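Here are some notes to read alongside the model, written for a colleague who likes to check things on screen. Please have the viewer open as you go.

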Amino acid sequence: MSTETSGLVLENTSRRDALIAIEKKYQKIWAEEHQFELDAPSIDDEPVTMDSEELQRKYPKFMSSMAYPYMNGVLHAGHCFTLSKVEFSVGFERMNGKRALFPLGFHCTGMPILACADKLKREAEMFGNDYSNVPVEDAEEEVKPEVKEEAVDPTKFKAKKSKAQAKKGRGKYQFEIMMQLGIAREDVIKFADAQYWLTYFPPLCQDDCTSIGARIDWRRSFITTDANPYYDAFIRWQMNRLKGLGKIKFGERYTIYSERDGQPCMDHDRQSGEGVAPQECVGIKIEATEFAKDAQAIIDASNIDKSKKIYFIAATLRPETMYGQTCCFVSPNIEYGVFDNGDCYFITTKRAFKNMSFQKITPKKGYYEPVLTIPGKTLVGSKIDAPLSVYKDLRILPMETVIATKGTGVVTCVPSNSPDDYITTKDLAHKPEYYGIDPSWIKPLEETVPLIKSPKYGEFTAKALVEELKIQSPKDKNALAEAKKIAYKEDYYGGVMVYGQFTGEKVEVAKNKVKEIMLASGQAFVYNEPEGVVMSRSGDECVVSLEDQWYLDYGEANWKAEALECLEGMEVFAPEVKNAFEGVLDWLKNWAVSRSYGLGTKIPWDPKYLVESLSDSTIYQCFYTIAHLLFKDYYGKEVGPLNIKAEQMTDEVFDYIFQHTDEIETDIPINSLQKLRREFEYFYPLDVSISGKDLIGNHLTFFIYNHVALFPKKFWPKGIRANGHLMLNNAKMSKSTGNFMTLKQIVEKFGADASRIALADAGDTVEDANFEESSANAAILRLFNLKEWAEEIIKNQDSLRSGPITDFFDISFENEMNSLIEKTHEQYSLTNYKNALKYGLFDFQTSRDYYRDSCKTMHKDLVLRYIEFQTLALAPITPHFSEYIYREVLDKSGSVQNAAFPRASKPVDKKALAALAYVRDLQRSIREAEGQALKKKKGKTADVDAEKPVKLSILISEDFPEWQSACVEVVRKLFEEQTLNDNKKVREHIDPKEMKRAMPFINLLKQRLSTEPAEDVLSREIQFNENETVKSTIESLKSASQILKPTEYSIISFAQGSKTGKDIFTGAEVELTLPARIIDRALPGNPGVIFTNI
């Protein structure tokens, strides 16, 4: 079976292979040199009494981490993208002289691994240990012939289905999913043991990260769960301290719950529906007073207790509108259940009653079988008594848009304030025969009683919105959804009650008062359901359950205030990220911390429960700081250099390390304790945590909450970077479509450094980024050619020019290198790696190419400086390539990993930059003029015959036209007054005779002011001597044209309005005979250019 990915096909891999050989060589050398193993300054070098801030000032540090990957598979391109952000930042900060630490652990806590292992056990019981006895009709279609003997690489994803097949949905059995991961059929049974996952995937993760050149200190790596007793002790300390601080509480809470798993289903336990929370509704009990004929017949034929009342159960978010119920809707297409609820019966959907059965609403928890099922269409016409409604003799009416997967399948009708209800009522009244109903059952819309008055829509919000949005039918779903949102917002935030006992009160106040009245009278009850579909990892559709549980009291006022204070002091790199955090902190409340199924640490005071997987993943970054001193392997089996056993790591020991308490009873030597504390207090606070933006809603916000609760303020995190998701070749990554790559596949296909360039080029914002295989492939050629060129230059450096740097292009190249290296440094500092790559590679090479093409022989000192600057500027992104050039081509001692990032050799000369830009623009103008000269006009020949002698004329204007100068002064004045966008004011200052040419010119200045500094746009002075610049670059300018080969050149400088000018080389006065359009177009810094036949 092929393990190749779809996508770009590489025709010739010799260049890639040469680069990969370099990468493998230096990965081995770095490991031997322990390049990435960094420690805090020892207590022998600096006294333990030295404050952490003073220590960090003396020995600058940087620590970054990513959300540790989950060990139920190998790393894919998305992991790789997040990892690259840590990589580039750590690489750059090392070059700034900091001890830059990148640790990485392996997340194994929670349900996913155990759920998969249990599925494999069940499937082995069904199909045998080799899973070969699966029924043919159930077997997933595989590529044939199957080759059993071939050991398939588990780090490579392979699609077994065509795109069309994949869309039908697959992964019916867990063993098939494992085989899709590349696990051989005979090895799948090993994964039925959950502990096997913990030993199988972490080493693959380390191999993959190493293959891309990650600067990870692997001494500090560990797996989570109680499989590592040191980490287990650490989490027990965290839980005990949070409970001691009153952050963990116990009580009944509504939570998303998996019946199959018998426990709350938190975000990491979900197959789908991450971020979905319980939504509270009010369950309205609408009494059935007389059933429609067909429904009554079904009821009469059943064994239900006829003495009990029967209620239709509707769920509403708007109890304050119950006064205006005009009917009740059911779907004619839904099969409803009649459920025994003790002293009465409920009519609702099975899904809704299932939710109720876990919320102490029904007689028996988890029992939700109906005593009778009844088609919705038979219920239409039944008489009802709706609580609070001003109307009497109401009926059940049909509503085809009611669905069984939301709410209870029963919908109250309030046409005054619900656009859906209004348009459905209107539709029923218009077509009663079509719906098979009696027109008298429908309450006339014109008799609707107003309930709420809103500032914008008056007393009939629904009618106003239906008319405003031009909604014609109940089938206008999108418009109705929008209308529903607007109606709720307008009524709730601005509405005032105009009916009922709370008349005159704001809706946001009256809503809860009406709700409490209905609850107290028994007319309603609190009902919760998931706000969207949630599927657990075990394949169970979750419900909302009212559970006794341990929970973290997120949202508590004082704790929330501290979290907001921390956020305010953090660098989050984008305003959208800060807004997202503020939004989460606003709504996030209690979070279940306990679970009974999965892998993890037992809750210390209630060991029948485990700590859920997001709650033990909030402060693990501090554990990185000490892990390497405690144990030598992922699992904590081999005791570390301090010879401390796991059982010695008591809560008091962690207090000493992390909270700087000094009173401690322990048999651990004080010297060892001081070393542990030194490691933590040196590397903390964490400088930046990097994760996908989808983790803002849980992991990253929990990270803030737990840090502010457990650590002194000086150790609160300093930054969070949330990146977008990664697309592959401009399409969403998907295993089912085959548009998917693992980290190992990327590195094998393109090599490490070319892949890293493509990752840097993919994007840096919170918007989704894009990994382009074509970009990685182009990087191979770029790096290989740069390597070959650098080797050739060093080999033949004696053939290069030496001596003083005085030539225009020498000075310009040196200056541009200095400018670009400063821009590159700035972009790295801002973590804008795409821009750092632009300035530090693409523009840097363009500058070299231009310099090489502009002078006959390059200057040795400048070229050698270029190679070194280029090598160092790329080192954070392409460490292997840079190491090779640094050590083997430039023959530098030490490692590029420890080299300083280059800075400008002298201050950047803006005048020199402007002169260089001028020459490039003039060369471009010459080529454009050449194109115009050779362009054939319709029915005419070209202006210039290339076969005849040609002359190139360049007109240099000494000053600006008066009308332009006047316009500039107008713009300057209005810009300072901040009235430049008022065209009326602009026109007041312009001579009407000049209006035609003045306004376009002014608009051009306005456009430039939006992106350029005002001093540059409005300056009327050229920063350099235009005539001298042209003189010093004339040979390069002469060769700018590509087809025409001029034999004569005329470079004339002239004053605006003059009839004559001066030849800049001879000083002779020359009459201006060129076309007026060329003369008029010539401005200071922008010469007029024309080719003519002699």
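The points below go through annotations, sheets, helices and cores in turn.

1. A word on the source to begin with: this is a predicted model. The UniProt record, an unreviewed entry, lists "domain: Aminoacyl-tRNA synthetase class Ia" at residues 54-125 and 203-771. In the model, the span 54-125 is 53% helix and 12% strand, and 62 Å separate its end C-alpha atoms.

2. A second annotation deserves a look. UniProt, again in an unreviewed entry, places "domain: Leucine--tRNA ligase RagD-binding" at residues 957-1012. Here the chain is 66% helix and 2% strand, with 24 Å between the end C-alpha atoms.

3. Now to an antiparallel sheet. Four strands make up this open sheet, in the order β4-β3-β19-β20. At its edges stand β4 (263-264) and β20 (591-592); each has a single partner strand, so one side of each has no neighbour in the sheet. Inside the sheet, β3 (residues 248-258) and β19 run antiparallel and are joined by 10 bridges, and phenylalanine 250 has tryptophan 550 of β19 as its bridge partner.

4. Staying with β19 (residues 543-552), the antiparallel pairing with β20 covers 2 bridges. Which residues stand opposite each other in that pairing? Leucine 552 faces tryptophan 591 of β20, and tyrosine 551 has alanine 592 of β20 as its bridge partner. How much of β19 is buried? The count is 9 of its 10 residues, so the rest of the structure largely encloses this strand.

5. β11 pairs with β9 (residues 335-340) in the antiparallel sense, over 4 bridges. Within this pairing, tyrosine 336 stands opposite isoleucine 374 of β11.

6. How do α20 and α21 (residues 670-683) meet? Their axes lie 8 Å apart at an angle of about 50°, and the two helices are therefore oblique to each other. On the α20 side the contact is made by Val653, Tyr656, Ile657 and Phe658; on the α21 side the residues include Ile670, Leu673, Leu676 and Phe680.

7. Is α20 enclosed or open to the outside? Of its 8 residues, 7 are buried, so the helix is largely enclosed by the rest of the structure. Among the buried ones are Asp651, Phe654 and Asp655. The cover over these buried residues includes α8 (229-244), α19 (620-630) and α21. After α20 comes histidine 660, with a positive phi near 55°.

8. Valine 584 lies in helix α18 (residues 575-587). Is this residue buried or exposed? With a relative accessible area of 7%, valine 584 is buried, because the cut-off for that label is under 20%. Leaving out residues up to four places away in sequence, valine 584 touches Ile696, Gly697 and Thr701. Its C-alpha atom is 19 Å from that of histidine 725, which is 141 residues away along the chain.

9. Last, the nonpolar cores. The largest has 149 residues, and Trp197 and Ile867 have the most contacts inside it. Another core lies apart from it, with 83 residues, among them Ile248, Ala563, Val708 and Trp716.

Key: Residues are numbered from 1 along each chain as its sequence is written. This is a predicted model: local features need pLDDT of at least 70, side-chain atom pairs count only at pLDDT 80 or more; totals for chains, interfaces and linings use all residues. Side-chain values use heavy atoms; hydrogens and water are left out. UniProt positions are given in the numbering used here, feature names are shortened, and annotations may be inferred rather than shown by experiment. Two strands pair if DSSP finds at least two bridges between them. A nonpolar core is a set of buried Ala, Val, Leu, Ile, Met, Phe, Trp, Tyr and Cys residues joined through side-chain atoms within 4.5 Å. Buried means under 20% relative accessible area, exposed over 50%, partly exposed in between (1.4 Å probe, protein chains only). Axes are lines fitted to C-alpha atoms, for helices over the stretch in contact, and angles run from 0 to 180 degrees between N-to-C directions. Angles under 35 degrees count as roughly parallel, over 145 as roughly antiparallel, 65 to 115 as roughly perpendicular and the rest as oblique. Contact means heavy atoms within 4.5 Å.
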